[in-house]
Amino acid sequence: MTHSTTSVWEYPDPTRSATPLAGNSRYDVCVVGGGIAGLTTAYLLAREGKSVVVLESKPAVAGAETAATTAHLAWVIDDRFAHVESVRGADAARAAAASHRAAVDLIGEIVRREGIDCDYKRVDGYLFPGADGPDTLAKEEDALCRLGLPFEKVDRVPFPRRAPGPALRFPDQGQFHPLKYLTEIAGRIRKLGGVIHTDTLVTKVRGGSPCEVETKARNVVAAGAVVVATNAPFAVGTTLHAKVAAYLTYALAAEVPRGTLPYALYWDTEDPYHYVRLQPGGPDASFDYLIVGGEDHKTGQAADTDARWGRLEAWAKERVPGLGKIPYRWSGQVFETPDGLGLIGLAPGGGDNVYVITGDSGMGMTHGTLGARLVADLVQHRPNPLAGLYSPSRWMPGAAATLFQENLNLAAQYADWLTGGDVKSADQIPPGHGAVVRSGLTKLAVYKDNRGKTHTLSAVCRHMGCLVRWNPGEQTWDCPCHGSRYSAEGKLMHGPATSDLKPAG
Ligand SMILES: Cc1cc2nc3c(=O)[nH]c(=O)nc-3n(C[C@H](O)[C@H](O)[C@H](O)COP(=O)(O)OP(=O)(O)OC[C@H]3O[C@@H](n4cnc5c(N)ncnc54)[C@H](O)[C@@H]3O)c2cc1C
Ligand code: FES
């Protein structure tokens with residue numbers, strides 16, 4: 001199967017004139033990471049008169065998981081209110097709903113204030129039964145009633161075909177075009193005097209007064225505060241990577257005639273669940289893209305990428321007649337926390353004045369936005385009622401079983417050190433493929449490119465020594481432990497690692 005590595009949000013480079021950091025400098029706040037979380041934080045702080053710099057490792061901002069999103073703006077928690085209530089209690093579940101709703105509102109407020117044309121609209125959300133049957137829906141309905149959250153039970157979800165019911169309808173969700181939005185936000189940051197450096201990989205963050213941020217090119221930024229908004233909990237002396245689990249999730253966008261189904265957010269109750277929405281497509285918005293996502297698995301722990309896109313396509317075709325071309329298929333990572341809520345605030349063990357926004361739990365558009373608001377307050381020593389709810393240091397006794405399962409899974413990945421390779425020798429690898437090959441006590445990540453040139457790298461992940469695995473669909477080396485990802489030639493694509501795979505020595 002052919003797939004595009006760009007998502008449906010293909011959009012001109014949003015940073016335009018941005019350049020790598022050269023030399024040392026000093027700012028009030030240094031934001032590491034130019035996705036929705038980092039850019040929104042920088043924008044809010046720049047509006048308050050702070051001098052801000054954004055350091056982004058990729059050539060453009062909003063080029064990582066933010067470019068892979070399906071951009072549901074939801075206050076309905078992905079991991080279900082019943083789960084949040086059972087792990088954190090009723091007050092926390094209500095506060096989580098309110099905070100995500102406030103994030104959808106805040107995006108709307110920014111869109112209006114700045115006059116941003118990004119297809120922002122408020123839509124309903126529907127939760128409907130999947131192949132798992134009616135029980136999850138019934139359990140969620142009970143939780144919603146107990147929590148007093150707004151919803152309506154309707155007969156069926158408004159799909160043209162195979163529209164199971166009953167379903168729960170939630171008012172006031174949202175959707176937008178994330179890259180149109182963030183292009184403008186990046187522009188506003190610069191207008192407000194903020195600076196954005198791309199192609200600038202941060203390797204160290206030292207807390208203090210001031211903090212120091214060191215880049216791969218050995219430049220240092222001194223700042224009153226640092227906000228680490230790198231999606232994965234990038235190593236800032238913290239153990240946060242042990243509190244999140246990396247999952248790959250898959251998406252496709254298919255052309256459908258306008259009006260095939262109402263604009264809304266749709267989620268089924270399966271685990272992993274399917275998520276669906278529409279986005280205007282074509283030169284004059286002449287058709288819609290049906291964006292369908294799901295088929296999640298732990299990063300590095302499945303290699304049947306094409307089969308997963310195939311299942312998503314079949315799922316969509318069963319429900320939506322007239323599915324046209326599918327020009328976009330892509331995947332990306334989400335970082336799950338045991339209670340389904342982000343880890344946002346002072347980085348534990350990160351030193352003074354170092355803040356983190358991570359643990360998106362599949363809701364990184366709203367977590368990134370509410371996280372920006374929360375961190376902007378914390379940086380300025382203003383109280384924010386959400387500080388405890390999202391504290392990265394919070395104790396989650398109700399989630400001990402989930403954490404235990406994830407840690408067992410993590411420990412099991414190190415067993416790769418004891419097994420043989422995927423193939424006995426590099427000769428068995430066809431062009432365009434990669435495989436792990438045992439070499440004495442260690443293992444090699446061997447990629448043969450389409451011209452037959454062999455790239456031989458150490459298979460040892462640069463984060464904490466797990467062994468990477470080949471992802472045939474995306475042609476990447478993925479680490480099954482905490483989600484670091486590398487290109488076929490070993491270039492770092494996604495942290496928490498901060499360096500490329502080593503050439504075989
Ligand atoms: C297929 C898919 C569908 C999704 N659907 C939804 C959805 O419908 N709704 C929703 O709310 N969320 C969704 N998500 C999740 C959401 O897209 C992400 O959680 C969100 O975009 C994360 O934003 P971020 O700013 O935290 O991270 P990113 O966008 O990944 O930005 C972090 C940035 O930090 C940079 N960086 C990393 N390390 C360093 C370093 N050492 N130095 C400098 N820069 C660094 C990266 O290059 C990157 O640009 C989806 C995700 C995927 C993959
Ligand atoms: S990401 Fe942690 S060991 Fe690879």
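An oxygen atom of ligand 1 sits 3.1 Å from a polar backbone atom of Ile36, a polar contact in the sense used here: a pair of N or O atoms within 3.5 Å, where within protein one must be able to donate a hydrogen and the other to accept it, and residues adjacent in sequence count only if both atoms are side-chain atoms. A nitrogen atom of ligand 1 is likewise 3.1 Å from a polar backbone atom of Ser57, and a polar side-chain atom of Asp360 lies 3.4 Å from a ligand 1 oxygen atom. On its own, ligand 1 exposes 1,000 Å², and the protein buries 96% of that (areas by the Shrake-Rupley method with a 1.4 Å probe; for residues, only the protein chains shown count as cover).

Before going further, some bookkeeping. This is a predicted model, with local features needing pLDDT of at least 70 and side-chain atom pairs counting only at pLDDT 80 or more, while totals for chains, interfaces and linings use all residues. Residues are numbered from 1 along each chain as its sequence is written, chains are lettered from A and ligands numbered from 1 in the order in which they are written, and side-chain values use heavy atoms, leaving out hydrogens and water.

Back to the shell. Domain 1 (25-68 + 179-243 + 340-405) and domain 2 (118-176 + 245-336) both give residues to the shell around ligand 1, so the ligand lies between them; these bounds come from an automatic or database domain assignment. Among the elements that each supply at least two shell residues are α1 (36-47), β10 (220-231) and α8 (364-379), with helices (H or I, at least four residues) and strands (E, at least two) being DSSP runs numbered from the N terminus.

Most residues other than glycine have a negative phi, and most peptide bonds are trans. Ala71, though not a glycine, has a positive phi of about 60°. Ala71 is in the loop between α2 and β3 (72-73) and is buried at 0% relative accessibility (buried means under 20% relative accessible area, exposed over 50%, partly exposed in between, with a 1.4 Å probe and protein chains only). Asn353 also has a positive phi, about 65°, and is buried with a relative accessible area of 17%.

Then there are the cis peptide bonds: one joins Gly165 and Pro166, with omega about -5°, and one joins Asp271 and Pro272, with omega about 0°.
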